[in-house]
Amino acid sequence: MALFRQLWNSQLAALRKLGAVVLFLGEILAQCPAAFTRPRLISAQIHNAGVLSLVIIMTSAFFVGMVIGLQGYDSLARLRQEDILGAGVALTLIKELGPVVTALLFAGRAGTALASEIGLMRATDQLAALEVMAIDPIRRIVAPRFVGGAISVPLLTAVFNAIGILGAWFIGVYIMGVDGGAFWSQMQEYVDPEDIGEGVSKSIVFGIAASLIAVYEGYNCAPTAEGVGMATTRTVVTTSIVVLILDYMITAFLI
Amino acid sequence: MESSRPRELGTGLFVLLGFAALLFLATQTTDLDEYAGDEGYRVTARFEDVAGLKVRSQVTMSGVNIGRVERIEFDNDRLDALVTLRINSQFSRIPDDSDASILTAGLLGSKYVGIGAGGSDSYLKEGSELQITQSAVVLEQLIGKFLFNKAEEGDTGASPSVEE
Amino acid sequence: MKPSQAVDNLIEISGLRFSRGSRVIFDGLELAIPRGSITAIMGPSGCGKTTLLRMLTGQLRPDEGSVRVAGQEVNRLSRPDLYALRRQMGMLFQNSALLTDFNVFENVAFPVRENTSLPERLLRNVVLTKLQSVGLRGAAGLMPSELSGGMARRVAMARAMVLDPELLLYDEPFSGLDPISLGVVLRLIRLNNDALGLTSVVVSHDVAEISQIADHCLVLSEGRVIASGRPDELADSDSELVRQFMTGAADGPVPFHYPAPDYRQQLLGSS
């Protein structure tokens with residue numbers, strides 16, 4: 001009985017949090033037009049969220065691409081189907097791994113930075129000070145960061161996919177000796193523009209979700225050092241779960 | 001203020017890089033040309049069985065890709081499959097008595113439509129129908145037939161040994 | 001003829017009730033703060049001093065009662081009106097709350113940049129004037145992390161004043177300062193109040209310090225004002241609690257001991 005009640009309460013809490021996050025998104029979106037009138041603030045945040053994530057994204061992408069190339073080659077060689085390696089790698093990356101891994105890396109690199117930055121502003125009363133200075137912190141602080149993150153993720157995903165495919169090409173064609181022409185032509189044969197569309201729409205949704213969770217956790221963190229730490233942890237945990245759930249839902253919807 | 005200049009440059013480069021990557025994906029990983037419009041003309045063909053053929057499957061002639069399958073429908077009156085093919089417009093001199101067959105790439109590969117050239121002087125055009133068609137070879141039926149034949153052989157071969 | 005009492009008071013609070021969870025913070029609070037004065041709000045920790053400031057700025061809404069600043073009911077204002085009212089206010093936070101990404105100059109310039117479209121040359125003059133008045137014109141290029149606590153407090157003061165507000169709120173302006181910085185801040189509060197014709201509200205429990213500059217003191221306890229008057233009047237108050245607070249006696253109406261079972265019984269009972 002106690003267990004049931006505990007479960008019920010945790011469900012209620014999760015539901016309440018979902019509602020709070022969605023309301024927060026509404027608040028941010030209401031301030032977005034105003035935020036867009038100051039593109040410099042947004043470009044600074046694209047720098048923080050995107051440019052600073054580029055190294056980790058590109059490094060991971062190259063290695064992910066290489067390992068898919070290697071595994072794919074190994075599996076396909078048993079079926080004497082090495083030629084479709086390019087197609088397999090591209091589909092795996094574009095439809096699935098690219099958006100998901102990029103979103104997870106983004107949560108770890110940029111999401112935590114966002115959450116701790118905003119959380120620190122909360123803990124040191126900077127947000128309250130802005131309010132008293134008649135400056136809306138949602139408009140001035142939260143909205144540009146949200147928009148910057150949401151723009152960065154799809155771009156990072158595209159970079160991830162491109163680098164990943166090059167990594168697989170390097171392993172497959174250069175090391176394992178798959179025919180280079182077959183690698184690209186089979187890829188073009190099997191990858192449809194719809195697949196790219198699926199990947200891009202996923203990355204857009206993940207970008208919005210990851211940025212929203214980061215700014216929400218930062219903005220609503222407990223105003224203490226401990227609270228800031230917890231907010232960054234929660235950012236990574238929540239983003240990971242939400243991205244994987246959304247990934248399944250979008251895939252099921254699109255297939 | 002001065003320190004924000006290299007940062008803005010970096011941001012610009014990043015956005016450029018992102019779009020370049022997207023362009024790379026759109027042009028290198030997929031064949032966007034075939035989507036580039038409705039150019040070409042449509043012809044139809046009727047098949048008894050199109051098992052395995054999909055929309056966007058290739059249409060080839062002498063092994064060269066000349067178009068795509070655009071639509072596959074079931075005709076309720078004639079109880080067969082009506083397949084619409086889109087042939088790229090540069091292949092405008094295909095004789096109208098050519099035949100269409102559903103072939104398989106490799107033993108288990110994907111199905112495609114192969115066009116065999118006919119001898120007529122008039123050419124296929126928008127709305128033509130290919131009259132001579134050959135349906136897909138369904139592997140299960142093939143194997144079924146093969147086993148059935150084998151079993152019959154086996155029966156005749158095995159009975160004397162049982163009597164012995 | 002003297003204007004009516006209502007006009008004379010910049011802040012009027014009546015019947016204010018507010019509670020957090022089951023804890024009642026204000027229970028029918030009534031107070032008025034006259035224009036042009038320095039009013040000290042004192043009281044033991046947790047009596048709701050900071051909460052009171054947040055009600056004045058409209059960051060918290062009371063459960064009941066009214067908070068009027070400059071004749072406007074703060075909790076009934078629309079968002080744009082509330083923001084317009086806030087432009088008339090400045091607030092100094094306990095931990096200064098300087099924006100960590102900007103240097104001193106940009107921190108002070110921030111409210112001006114965000115709220116007005118002053119030309120750069122004029123803005124520079126305004127900011128440097130304010131920094132000069134707190135003695136930190138030379139520190140304009142430093143980052144907040146390079147400032148001492150006292151300097152940060154003074155920068156925050158310049159920032160709070162930069163839009164020439166009518167009302168300046170100070171939340172614990174003396175906490176954690178060395179005696180010299182404390183003296184400087186104390187002097188600046190008085191100086192700014194008189195030079196700019198401000199109304200200042202200082203929340204503090206540094207009784208001795210605030211008594212030097214306050215025109216008027218209010219002591220809060222258990223959600224109400226239990227005493228008000230000039231600092232010297234309060235020191236001779238009839239109320240034992242006020243006297244305990246003003247002199248800082250360890251025991252009195254606010255007991256030294258947290259409520260506990262009988263000492264002797266607890267010690268003996270455990271053996």
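Predicted model: local features only at pLDDT ≥ 70, side-chain atom pairs only at ≥ 80, totals over all residues.

User: Which chains share the most contacts?

Analyst: Two residues are in contact if their C-beta atoms, placed from the backbone, lie within 7 Å. No contact joins chain B and chain C; their closest C-alpha atoms are 11 Å apart. Of the 2 pairs of chains in contact, the one with the most contacts is chains A and B.

User: How many residues of chain B and of chain A take part in their contact, and what classes make up the side of chain B?

Analyst: Chain B puts in 19 residues and chain A puts in 21 residues. For the classes, Ala, Val, Leu, Ile, Met, Phe, Trp, Tyr, Cys and Pro are nonpolar; Asp, Glu, Lys and Arg are charged; the others, Gly among them, are polar. On that basis the side of chain B that touches chain A has 10 nonpolar, 6 polar and 3 charged residues.

User: Which helix gives the most to the side of chain A that touches chain C?

Analyst: The contact takes 11 residues from chain A and 14 residues from chain C. Helices here are DSSP runs of H or I with at least four residues, strands are runs of E with at least two, and both are numbered from the N terminus. With 5 residues, the helix that gives the most is α5 (residues 126–132) of chain A. By class, this side of chain A has 6 nonpolar, 2 polar and 3 charged residues.

User: How many helices and strands does chain A have?

Analyst: Read along the sequence, the pattern of chain A is α-α-α-α-α-α-α-α-α. Its C-alpha trace spans about 65 × 55 × 30 Å along the principal axes. The count for chain A is 9 helices and 0 strands.

User: Why does the span of helix α1 of chain A agree with its number of residues?

Analyst: The expected span is 1.5 Å times one less than the number of residues. For the 35 residues of α1 (residues 2–36) of chain A, that should come to 51 Å. The end C-alpha atoms are 50 Å apart, which agrees.

User: Where does α1(A) have its kink?

Analyst: The bend at a residue is the angle between axes fitted to the seven residues ending there and the seven starting there. In α1(A) the kink is about 30°. It comes shortly before the proline P33(A), at A30(A).

User: Which residues of α1(A) are buried?

Analyst: A residue is buried if 20 or more other C-beta atoms lie within 10 Å of its own, exposed if 12 or fewer, and partly exposed in between, with C-beta atoms placed from the backbone. α1(A) is hardly covered, with 3 buried residues among its 35. What covers them includes α2 (39–49) and α6 (137–175) of chain A. The buried residues are I28(A), Q31(A) and A35(A).

User: Is T102(A) buried or exposed?

Analyst: T102(A) sits in helix α4 (residues 85–123) of chain A. Leaving out residues up to four places away in sequence, it touches I57(A), V153(A), L156(A), T157(A), F160(A) and S203(A). T102(A) has 32 other C-beta atoms within 10 Å, so it is buried.

User: What does S211(A) touch, not counting residues up to four places away in sequence?

Analyst: S211(A) is part of helix α8 (residues 193–219) of chain A. It has 30 C-beta neighbours inside 10 Å and therefore counts as buried. The residues that S211(A) touches are F146(A), G149(A) and A150(A).

User: What is the radius of gyration of chain C?

Analyst: Chain C has 11 helices and 10 strands. The globule rule, 2.2 Å times the number of residues to the power 0.38, is compared with a radius taken over C-alpha atoms. For 271 residues the rule gives 18 Å, and the value for chain C is close to that, so chain C is as compact as a globular protein of that length. The radius of gyration is 21 Å.

User: Which residue is the bridge partner of I11(C) in β2(C)?

Analyst: Two strands pair if DSSP finds at least two bridges between them. Strands β1 (residues 9–20) and β2 (residues 23–34) of chain C pair in the antiparallel sense over 9 bridges. They form a hairpin with 2 residues between them, and G21(C) in the turn has a positive phi of about 60°. The bridge partner of I11(C) is I33(C).

Definitions and conventions:
Residues numbered from 1 in each chain as written. Chains lettered and ligands numbered in written order.
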